[in-house]
Amino acid sequence: MPKDNKDETAGPSIVWFRNDLRLADNPALSAAADGPCLAIYILDDETPRLRRMGSASRWWLHHSLASLGKDLKAKGGELLILRGAAEEIVLGLAAAANASSVHWNRRYDEAERGQDERIKARLKAAGLQAVSHNAHLLYEPWEVVGKSGGPLKVFSPFWRAAQAKGPPPPPLPAPGKIVAARVPSGLASGPLPLDALGLRPTKPNWAAEMETCWTPGEAGAQEALVDFLDARARGYGERRNRPDIEGTSRLSPHLRFGEIGPRQVWSAARHSVESGDGSASETDIDKFLSEIGWREFSHHLLFQFPALATKNFQPRFDAFPWREDPEALEAWTRGRTGFPIVDAGMRQLWRTGWMHNRVRMIVASFLVKHLLIDWRRGEEWFWDTLVDACPANNAASWQWVAGSGADAAPYFRVFAPVLQGEKFDPNGDYVRSYVPELAGIPATYIHKPWESPHPIRARAGITLGETYPFPIIKHESGRERALAAFQSLSPESA
DNA sequence: TGAAATGTTGGGGCG
DNA sequence: ACGCCCCAACATTTC
């Protein structure tokens, strides 16, 4: 960045916040905050082909923007909230403010990249600097390549190649002080109060419980990371699979909105091992960082294959005989499949905007294999209901489970909901907290209430088919039907 | 980052 | 004492 020869008479810089709602380790902000700057966020529901953010994400976004606004103000800056087609807004603002440069951190979704390219070209044509930075990933997708120079389609070689590039650069500090430039008047669409975006639910306030279990914003993200590394990272390799305990970092929505960046996570995690004051072992931390690796891999795949959310990565899956079954889909989304671990997961998602990763695999496998419903229906539901819904992770993970993805789970891997429940929620505590009608069933039967002796159900106040559903499909027959359906596809080589 | 079926082994009960 | 069966417990393969 031309720092030294900055023309003092030139106009302000603009920093355009997107998926990077933080002050620290934010290269675009640091570059723009060199002098007077305008910090903006644009809610763009208008540009064609841009995927409209889901409901749960919008709730999160509201609070994250509120937090960012406060944090900027504390440094002397100001966050301008805008709404509309970003291309016209950025160009219009840059002209009205007589800006000298516009900075942003890169996005990796195809439509978003296209938008950024168009804006960059127009800004440059207008004689401005338009500079993109990396805040979202440890390594740019195009930097990690195989020996032959091609994209890597299997996780392990990908992650090896990425790590072989050496440690990522250390995170940047937050700017010490920010000078807010004067907001030009007479903009076609001027700054709005945050509430005017209407990001929060109104009619039924379905976000009530979400308010109690999340702290959106940079401070909440840092707190989550520190809590995790200090107290919960020990034994991560095992504990991460247990939905009944707080064994994961719960950083996903913070990473999604860039309230914390992967370089900060990487640096803090490595430091906690090397300094010896973290509780976790080298193995635990490597396992944790490999989850960051999966996030990188998802973005790598999305970059190589932009249609990741809508098209099978393996074309042979185009012939898959998916079923239309609105009733089964509804039972799945509402957590009424009759399989307690599946229903608990779907209700955790609905109530908290998040689901434990192990349970995500179980419910996804159930939708795609037992119900034979297209993975895209699941992807769409998750997109709307997850606070961490991300174009890369959500699509890559669904394709992974369906078997249609890169380095995907083999088609014959069908999760058995009862066994998974018994293995990873052994006392049934997770089920009890999200399927309260089963609370009175003892651990022996909590994952298969239909097998419990009648007196036990009576004592627990359960009448199957009334207070809790019968399984909507028998596991064994669902499994066989799924295997037959997958068998009908042409082999991988074709 | 499965599950189920099938195969193998080895200890103990028992005729 | 010996072989036989049963069946965990583990290992392998098949889907």
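Modeller: In this predicted model, helix α2, residues 55-74, lies across β1 (13-17), β2 and β3, and runs at about 145° to β3. Helix α3, residues 86-96, lies across β1, β2, β3 and β4 (101-105), at about 160° to β2.

The strands under discussion belong to an open sheet of 5 strands, ordered β3-β2-β1-β4-β5, with parallel pairing. The edges are taken by β3 (79-83) and β5 (129-133); each has a single partner strand, so one side of each is left without a neighbour in the sheet. On average, neighbouring strands here are turned by 25° against each other, direction ignored. As for the pairing itself, strands of a sheet pair through backbone hydrogen bonds, either parallel or antiparallel. Strand β2, residues 37-43, runs parallel to β3 and is joined to β3 by 5 bridges. Within β3, Ile81 is the residue that stands opposite Tyr41.

Next, the core. The largest nonpolar core counts 136 residues, and Ile14, Ile40 and Val102 have the most contacts inside it. Helix α14 (residues 357-370) gives the most to this core, namely 8 residues. Leaving out residues up to four places away in sequence, Val102 touches Ile14, Trp16, Val90, Ala94, Leu123, Leu128 and Ala130.

Key
Residues numbered from 1 in each chain as written. Chains lettered and ligands numbered in written order. Predicted model: local features only at pLDDT ≥ 70, side-chain atom pairs only at ≥ 80, totals over all residues. Pairing = 2+ DSSP bridges. Helix = DSSP H or I, 4+ residues; strand = E, 2+ residues; numbered from the N terminus. Axes fitted to C-alpha atoms, helices over the stretch in contact; angles between N-to-C directions. Contact = placed C-beta atoms within 7 Å. Core = buried A, V, L, I, M, F, W, Y, C linked by C-beta atoms within 7 Å. Buried ≥ 20, exposed ≤ 12 C-beta atoms within 10 Å, placed from the backbone.
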